[in-house]
Amino acid sequence: MSGGVFLQAVITGLAVGIVYGLVALGFTMVYALTRVYALAHGDIVVGSVFIGVLAVLGSTPIASTPSGMDSVWLVLVVLGAGAALSAAVYAVAMRPFIGIAGARAADAVGWVTGAIAAGLAIREVLGLVFTREAYAIPDALHLSALNGSGVVSLPGDTTVQVRFFGVFVIGLIVALITQQLLMRGKLGLALRASSDDPETAGLLGVPVERLVLLAFVVAGALAGLAGLLDAPGRPLSLDAGVILGLKAIAAAYIGRLGSLHGALLGGLVLGVGEQLAVAWPTLGAEYADVMPLALLVAILALRPEGLRGHVAEPVE
């Protein structure tokens, strides 16, 4: 592998990885408060994008950059749809089976079945409108217009899309701001107390139920942003959320399930590793999905507490 190809893979991997990190951040935040896995989270990413496209552009989107107001509306609707879908999945499909924010043992069969059914429902309902195998999603954030050509030249006669730089910067800034808001001040204290001992926190007046709902809403908004950043880079199908969700779970486990910082770091490690595997001469693009999923299976089999140590109990 030449130096230019290596650099290309790292830059692309950081952009892909920050998307995984945003999804994993919401996933691990929900887990830390409820001790359940938001298995429909990948479908929320894709579902929020298609809902935004349907509301603003109709059922036959094209890849061209939308106008200014259409872009603004598309961003707002996708973020709102992600938050609303996540809250609805919690309220309808998971809340009946997890007690009061983990205060009692969750019904594992119930919440697993509910989460899987919710993801399937999102796909099936949107499939009634979006009937093609895949769709070209427009770049609502106009990241491809950061320079005139849309690409950046690298050593060794290689190039990389300029939008990858914008994806990484926006994703990283939002992820770091979200972590700071969730870990500092009264909100951070309440979240850590609810994560550590929800029953005692509730007795002390912490609104545990509202915090859990807030966690799902924030996770959904992050999922919507991940969709906005990722979708314009490739044709998007309704089934893409399944693999994306599993990759986010792998990222959360790499970092340490329950750790907000770890989720982001795990996403970046997974994204770079995936793209290096794709760029390796003896492997190829077909390993983009195989490598992360194989890694997830290995972690669950050999080190279910995650690669960075024990499963974190409180939010950290």
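Is His 142 buried, partly exposed or exposed?

## A residue with positive phi

At a relative accessibility of 30%, His 142 counts as partly exposed, a class that lies between buried (under 20% relative accessible area) and exposed (over 50%), with a 1.4 Å probe and protein chains only. His 142 sits in the loop between helix 4 (108–127) and strand 1 (151–154), where helices (H or I, at least four residues) and strands (E, at least two) are DSSP runs numbered from the N terminus. Most residues other than glycine have a negative phi. His 142, although not a glycine, has a positive phi of about 55°.

## A second such residue

Asp 157, also not a glycine, has a positive phi near 60°, and its place is the loop between strand 1 and strand 2 (158–161). With a relative accessible area of 81%, Asp 157 is exposed.

## Helix 2 against helix 8

Helix 2 (residues 41–56) packs with helix 8 (residues 208–230) at an angle of about 60°, and their axes are 8 Å apart. The two helices are therefore oblique to each other, the term for angles that are not under 35 degrees (roughly parallel), over 145 (roughly antiparallel) or 65 to 115 (roughly perpendicular).

The contact (heavy atoms within 4.5 Å) involves residues including Ile 44 and Val 45 of helix 2 and Ala 219 and Gly 220 of helix 8. The residues of this contact divide into seven nonpolar, five polar and no charged, with Gly counted as polar and Ala, Val, Leu and Ile among the nonpolar.

## About the model

This is a predicted model, in which local features need pLDDT of at least 70 and side-chain atom pairs count only at pLDDT 80 or more, while totals for chains, interfaces and linings use all residues. Residues are numbered from 1 along each chain as its sequence is written, and side-chain values use heavy atoms, with hydrogens and water left out.

Note on methods
Axes are lines fitted to C-alpha atoms, for helices over the stretch in contact, and angles run from 0 to 180 degrees between N-to-C directions.
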